[in-house]
Amino acid sequence: MQVHKIEKNKIPITILTGFLGSGKTTLLNYILTEKHGYRIAVIENEFGEVDVDSDLVLASEEEIYQMQNGCICCFVDVRNDLIDVMNKLLKQKDKFDHIIVETSGLADPTPVATAFFADRGVAEEVNLDAIVTLVDAKHIDQHLYDPVLDGRDNQAVDQIVAADRIIVNKVDLACDEGLSKLESELRNLNQTAPILRSRYGVVDLGSILNINGFQPSYLRERAEILQIDLDGDDHHDHHHHGHLHDETVSSVSFTFGQPFVLEKLQAMLTGYLEERGAAIFRTKGILSIAGEDRFFVLQAVHQLFDLRPDSPWRAEQRLSKIVFIGRDLDREELAAKLSACLID
Ligand SMILES: Nc1nc2c(ncn2[C@@H]2O[C@H](COP(=O)(O)OP(=O)(O)OP(=O)(O)O)[C@@H](O)[C@H]2O)c(=O)[nH]1
């Protein structure tokens, strides 16, 4: 690991970003289980009404704060929540020495980064270390060149443009030629960020944590474009900014008390995602399966899906939670399809 100069006494913050399903939680879990000597506090922000992500982050000693209901980049109130969470964290700052903020996959990281500067109290205590952007080598093209967003703000692009480090993840799903082409496209969007490659988020952590990689001048430029006031010192002021994430994308979530019949569910998901997967960016779930003592984890990025047993249920009630994120989602249709897979 390389050692870098760190701003004295300030707690470094890493913003972990990347489009839906690019591998942020996978990388976060890798970081949380590696022996790097940092005590890490995590702030998670999820897009979707039902919280699945906190179940997917491995249980650990680290402090994990969940922020839900909205995307931190978009809503001033949610950014205020972020500052409130930070203030809570800072009251017990002897417990950790690094903070990781995992943004939702639809967030533009720039307004998130500005939140730390706009609040004077927080700005005195923390140092934005780097914006680390994960890129899904298999699926990113559909989002970088999304025809629905033609001429409009595109978060997949924003995330790459704002990056201090780019990690091209899922290299196992791409060929060498495809990776080189992708890397030159990324270089066109971002001329300075070093580009790393990874499989399941395995990277040299010395290249992404405590690197002093953040470029404030660049943030100021982006903040101006987004009309964010960087110099306001009261974060409870509802100042406006010109950014909203892709409104054509929404999420639909369900919970079920009854268990699913595995084969029925597998067949339904295969058919549904094959047919609709281009418009369904992300599906995740923690599922109760009939006859199984373990809960199953469902992970899908577009058509590519994985449903497998995880750990035994603990004493808590077995409740399935499932969330779909994408375009033109029909709640009724999905509810009927899922209900048909439940045990009679
Ligand atoms: N084949 C392959 N799959 C990967 C790799 N990294 C992550 N995945 C899988 O991709 C899926 C999404 O990974 P996550 O880490 O949950 O992605 P995320 O960015 O946190 O997703 P959101 O929070 O929903 O935006 C999971 O099924 C992972 O197991 C990789 O390098 N190769």
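Before anything else, I noted how burial is counted: a residue is buried if 20 or more other C-beta atoms lie within 10 Å of its own, exposed if 12 or fewer, and partly exposed in between, with C-beta atoms placed from the backbone. I also noted that helices (H or I, at least four residues) and strands (E, at least two) are DSSP runs, numbered from the N terminus. This is a predicted model, where local features need pLDDT of at least 70 and side-chain atom pairs count only at pLDDT 80 or more, while totals for chains, interfaces and linings use all residues. Residues are numbered from 1 along each chain as its sequence is written.

**Entry 1: strand β12**

I looked up β12, residues 320-327, and found 7 of its 8 residues buried, so the rest of the structure largely encloses this strand. Next I checked its partners; two strands pair if DSSP finds at least two bridges between them. β8 (residues 249-256) pairs with β12 in the antiparallel sense over 8 bridges, and there Val-252 stands opposite Phe-324. β9 (residues 280-287) is also antiparallel to β12, with 6 bridges; Gly-285 has Ile-322 as its bridge partner in β12.

**Entry 2: on to the hairpins**

Which strand does β9 join through 6 antiparallel bridges, besides what I noted above? I found that it is β10, where Gln-299 sits opposite Lys-284. The hairpin of β9 and β10 has 6 residues between the strands, and in it Gly-291 takes a positive phi near 80°. β10 then runs antiparallel to β11 (residues 304-312), joined by 7 bridges, and Val-297 is partnered by Arg-308 in β11. In that hairpin, with 2 residues between the strands, I saw His-302 take a positive phi near 50°.

I also checked the record: an unreviewed UniProt entry annotates residues 249-342 as "domain: CobW C-terminal". (UniProt positions are in the numbering used here, feature names are shortened, and annotations may be inferred rather than shown by experiment.) Over that stretch I got 26% helix and 44% strand, with the end C-alpha atoms 27 Å apart.

**Entry 3: strand β6**

Is β6 (residues 165-169) buried or exposed? I counted 5 of its 5 residues as buried. Arg-165, Ile-167 and Asn-169 are on one side, Ile-166 and Val-168 on the other, and both faces are covered. β5 (residues 126-136) runs parallel to β6 with 5 bridges, and Thr-133 is opposite Ile-166. β7 (residues 195-197) is parallel to β6 too, over 3 bridges, with Arg-197 as the bridge partner of Val-168. From β6 the chain crosses through helix α8 (residues 176-189) to β7, a right-handed β-α-β crossover. (Right-handed: with the strands pointing away from the viewer, the path from the first strand over the helix to the second runs clockwise.)

**Entry 4: the ligand**

I found 21 residues surrounding the ligand, the closest being Lys-24, Thr-25, Thr-26, Gly-105 and Gln-299. (A residue is near a molecule if its C-beta atom, placed from the backbone, lies within 6 Å of it.) α1 (24-33) gives the largest share of the shell, 3 residues. Why does the ligand's shell lie between domain 1 (11-225) and domain 2 (249-339)? Both domains give residues to this shell, so it lies between them. (The bounds come from an automatic or database domain assignment.)
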